[in-house]
Amino acid sequence: IVKWSDFCSPLAYKPGEPFKLIAEASVDNFSSLGIAFLEDRLQMDNGMVPHRIVSVHLEESALKELAQEAPSVKEKSADMDAVTPAGKSGLGRGEEEKSKLEEEREQEETGAEEHHHLHLSSCPECLQLENSTIESVKFASAENIPELPDDCSGRTEEKEDECLQKGVRRINLAGKPPNILIYLGSEAAKARFEQVKSVLRECVDAESYTIYQLHQEQVLRDPWIDNSLLLVIATEEPIPEGSHEQFMTFLSRGGKILGFSSSFTFGGVQIKHKNKLRKAVHELVVSKKDSPEVKLNLLVSGCVFEEGMKGDASRVKVWSRLNNADKDPVIVHLTHGSSGGEAILSQAHLELDSSSMDVQTEEDFNLLKMSNSKRYEVLREILTCLGLSCELSEIPLLTPIYLLSPDEEIHLAFLKWLEGNVDAEGLRASSKVSLKFISSCESKVEVTPSLMPVMTEMGSFSSEHFSLKTYQQHLQTKKLGKILLFTEVTTTTMNLLDG
């Protein structure tokens, strides 16, 4: 959580609806505030959450005027007494401000607040430049770029439908960021994290999700609950009580949990230890209502789920049993709460293959090897059931960048400027991506994430997705948008423009 006072100095406040605070910040600090705001981590010092941030440029004269008009602390205190709830008048100025802020936040939250883009709202010229360039890019793109709503967090079904209708590709409809967290308890073993991560990457669409480790100390400290789609619990250690509560909160807010031989259970489901099964390879029967029965051999943890499960039986479904006399349940599916929270818990090591250290004999090794493709099949089915996309998308090849300008004179002037800003080989190096300026495709330069060729001759440019002519017709600015870097496929523009 980022406190706003860490990054700015308060200048003034404005009571009323909505409550406004004016503060001064450096460009870097304003960026930090903006990032924290976008990631829902920005809070006022009393824990209230701001609704919007707008940057304004204050003239020196306005600052002086503000200083002259600022009432004394005594007057401020009296002014605040009039608008704070009874019983708050004895508080110091800072706390009174917080009380007022809290009151106004409650009023704001109930109203239909419109959100505004982050921009230099006090500068009409900046606004016009920004809008006309965006418009010209939209016109020049063959595909219709959907209008992105200000808030596409998907908190209501209506908003979800709206986003979908407008062509916004959504990986999940829960509105949560596409993060997968792996919890390994107090184990800091990097090898174990990489092992589980690589199995998941083999199954889910790697282009759609990011996988992180959730460390023990982060469970109670970090705001991960609303920022993750799936939590994978891959430790046999007992789960601390506080962590268990957090995991249940995650489920109650629509989160999904996948357990790999973990001690985590809830809802009346109990674990029973069977030592003779520990680190042994056994045949499992996976049966689901809509799918044919699948038999495969997996390494099991030495635990099974209790047959006489208490609680709401409709919330517990057995997915897989051991093919033994007791028909012990080893994979169960549980639901929790009314927001779509669910968990699939497995006491079979779906994350381990035949190369695992725990495989004792050659016979076990062969059994696991033969079941490997079925193991992935079952794992993909589990992840799909938990709402993840397991369709592997083909990663397109990177393409070169084109330096374009709708004005030939500006294009030539820019090339002249470039001569003094690249080395003898036409290279402009930065910390993440180096740009190599070449005249055309004739000089064969491989496109890699760290080296991108930039074609400076416009004659060789053509794209079915972008028309420079249309762009030129719709561009109404004097300077902005006259030099373009265009590429069909790149890794990330953040790295491209770094430095």
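1. For residues 145-173, how many contacts beyond four places in sequence does the model have? The model has 32 such contacts there, a contact being heavy atoms within 4.5 Å; pLDDT, the predictor's confidence in each residue from 0 to 100, stays under 50 over this stretch. Residues 72-121 also stay under 50, with 68 contacts beyond four places in sequence. Where pLDDT is low, the predicted coordinates should not be read in detail.

2. This is a predicted model, in which local features need pLDDT of at least 70, side-chain atom pairs count only at pLDDT 80 or more, and totals for chains, interfaces and linings use all residues. Residues are numbered from 1 along each chain as its sequence is written, and side-chain values use heavy atoms, leaving out hydrogens and water.

3. The protein has a mean pLDDT of 77, and 77% of its residues reach 70 or more. Confidence is lowest in helix H4 (residues 93-110), at a mean of 39, and highest in strand S7 (residues 230-233), at 95. Helices (H or I, at least four residues) and strands (E, at least two) are DSSP runs, numbered from the N terminus.

4. Glu-342 lies in strand S15 (residues 341-346). Glu-342 counts as buried because its relative accessibility is 12%, buried meaning under 20% relative accessible area (1.4 Å probe, protein chains only). Beyond four places in sequence, its contacts include Lys-256, His-333 and Cys-385.

Terms used
Buried < 20%, exposed > 50% of the residue type's maximum accessible area, 1.4 Å probe, protein only.
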